[in-house]
Amino acid sequence: MTTPTTSTIRTDVCIVGNGAIAKTAALGFAQAGHSVTLLAPSARQAPAAATTPAVERPWDVRVYALNHTAHDLLDSLKVWDALDMARIAPVDAMDVHGDGADGGSLGFDAFGARVGTLAWIVEDQNLNGALDAALRFAHNVQRVEGRACELTCSDSGAAVRLEDGRRVECALLVGADGRESWVRGQCDIGVDYRMYHQSAIVTNFACDKPHHGVAHQWFTGSDGIIALLPLPGNRVSLVWSAPETLAATLMEESLGELAIRLGEYADDKLGTLRPLQPDAVAAVPLALIKPHAMVAPHVALVGDAAHAVHPLAGHGMNLGFGDIVDLLAIVRDREERRAIGDERVLARYARKRKEEVLLMQLATDGLERLFGANLEPLRVVRNIGLNLLNNMPALKRRLMAHAMGKSSI
């Protein structure tokens with residue numbers, strides 16, 4: 001039972017959230033010399049898998065394709081080397097397949113991008129475990145558990161009141177609390193919201209043939225978008241962005257039946273697929289969320305609180321890491337006379353992020369609309385477009401550089 005209190009916690013930065021983006025932001029600000037309060041919901045008991053030896057732990061159905069921006073940030077915070085490398089798979093190439101018997105194709109590879117790898121596939125539990133371990137050694141980070149009920153801002157900063165009466169006062173409040181962000185709502189920031197009427201079906205399979213570090217993606221038209229991402233060994237992670245009716249059917253079927261469905265696309269490349277865990281599958285509703293602002297007085301939004309995009313490009317998490325990189329840099333480089341939550345400082349952050357976020361929103365939403373339409377003329381045009389792009393090396397390099405979080409390659 002929680003005892004009501006009226007104590008006040010004063011801190012430079014208060015971060016609201018409990019995911020990888022919130023934890024990374026907390027480490028970033030702490031290592032920059034700021035006092036940080038990480039405000040998260042009351043902790044639930046850790047699942048048994050978290051204490052199981054890595055070699056025995058089930059494979060997490062939630063994985064991220066982390067790009068070079070994410071890698072470099074985590075490396076600078078001394079988190080990357082704390083990850084369990086035996087459970088990380090590099091992506092050395094990507095094959096994109098159009099729909100139909102004469103579907104177009106588009107290929108990317110690390111050699112063409114002049115890098116060692118395009119991205120890294122990392123499980124959610126692996127990433128969060130390393131971040132939690134790092135936070136335990138961050139002496140200027142305190143974790144506060146409780147339910148926030150009110151956010152107020154004044155000339156001096158922001159304050160969050162908890163249900164038990166405690167207050168957290170800060171110069172800068174960072175909303176890293178996901179697509180249904182409480183912080184965003186408290187700041188009266190409106191959103192443009194587009195439901196895709198799709199769910200991402202996620203699970204893992206063993207495959208008969210080696211994947212050679214290649215990520216495969218199929219634009220199927222009426223059945224949505226299928227991605228099979230490499231995991232260590234002969235294993236792959238499925239992300240199937242399926243229309244709602246099909247998604248409901250897939251969730252009702254066994255994973256063995258799902259593997260048979262995937263065989264139409266994957267057998268030639270990966271051989272027969274077999275479920276890694278019979279009941280380990282999840283469905284995530286998909287939507288495009290475009291907040292009208294990324295900042296408010298003494299408040300900055302990061303991650304899905306600031307933008308939620310279709311997962312077809314696998315870069316939703318990477319956008320969040322990009323937010324942190326730019327917010328930390330802008331706060332670091334501010335004039336001495338300006339506080340970290342100064343209106344002009346936060347306006348610079350919003351301007352800095354605008355282009356990258358808008359480009360990713362336009363790209364993912366535009367591709368979903370283009371490949372989701374079942375009109376024959378569009379099908380022909382989009383497959384021709386894939387083939388044309390595949391034969392334009394300069395443009396391909398620009399696309400790869402953007403996806404990897406690099407200015408050029």
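Which side chain meets that of Glu123 in a salt bridge?

## The Glu123–Arg87 salt bridge

In this predicted model, the partner of Glu123 is Arg87, with a distance of 2.7 Å from N to O.

## Aromatic pairs

Two aromatic pairs are found in a search of the whole structure. One of them joins Trp80 and Trp120 in an edge-to-face arrangement, with 5.5 Å centre to centre and 70° between the planes. This pair links distant parts of the chain, since Trp80 is in the loop between α2 (68-76) and β4 (89-91) and Trp120 is in strand β7 (residues 119-123), 40 residues apart. Trp80 is buried at a relative accessible area of 6%, and Trp120 also counts as buried, at 14%.

Trp218 and Tyr265 form a tilted pair, at 6.1 Å centre to centre and 50° between the planes. Here strand β13 (residues 214-219), which holds Trp218, is linked to helix α7 (residues 255-270), which holds Tyr265; the two residues are 47 residues apart. Trp218 and Tyr265 are both buried.

## Other salt bridges

The count of salt bridges comes to 17. Among them is the contact between Glu169 and Arg167, at 3.1 Å from N to O. Glu169 is partly exposed, with 24% relative accessibility, and Arg167 is likewise partly exposed, at 30%.

Arg348 and Glu335 form another salt bridge, in which the closest N and O atoms are 2.8 Å apart. This pair links helix α9 (residues 343-372), the location of Arg348, with the loop between α8 (316-332) and α9, where Glu335 is found, 13 residues apart. Arg348 has a relative accessible area of 25% and is partly exposed; Glu335, at 26%, is also partly exposed.

Definitions and conventions. Residues are numbered from 1 along each chain as its sequence is written. This is a predicted model: local features need pLDDT of at least 70, side-chain atom pairs count only at pLDDT 80 or more; totals for chains, interfaces and linings use all residues. Side-chain values use heavy atoms; hydrogens and water are left out. Rings of Phe, Tyr and Trp (its six-membered ring) pair if their centres lie within 6.5 Å; planes under 30 degrees apart count as stacked, over 60 as edge-to-face and the rest as tilted. Helices (H or I, at least four residues) and strands (E, at least two) are DSSP runs, numbered from the N terminus. Buried means under 20% relative accessible area, exposed over 50%, partly exposed in between (1.4 Å probe, protein chains only). A salt bridge is a side-chain nitrogen of Lys or Arg within 4 Å of a carboxyl oxygen of Asp or Glu.
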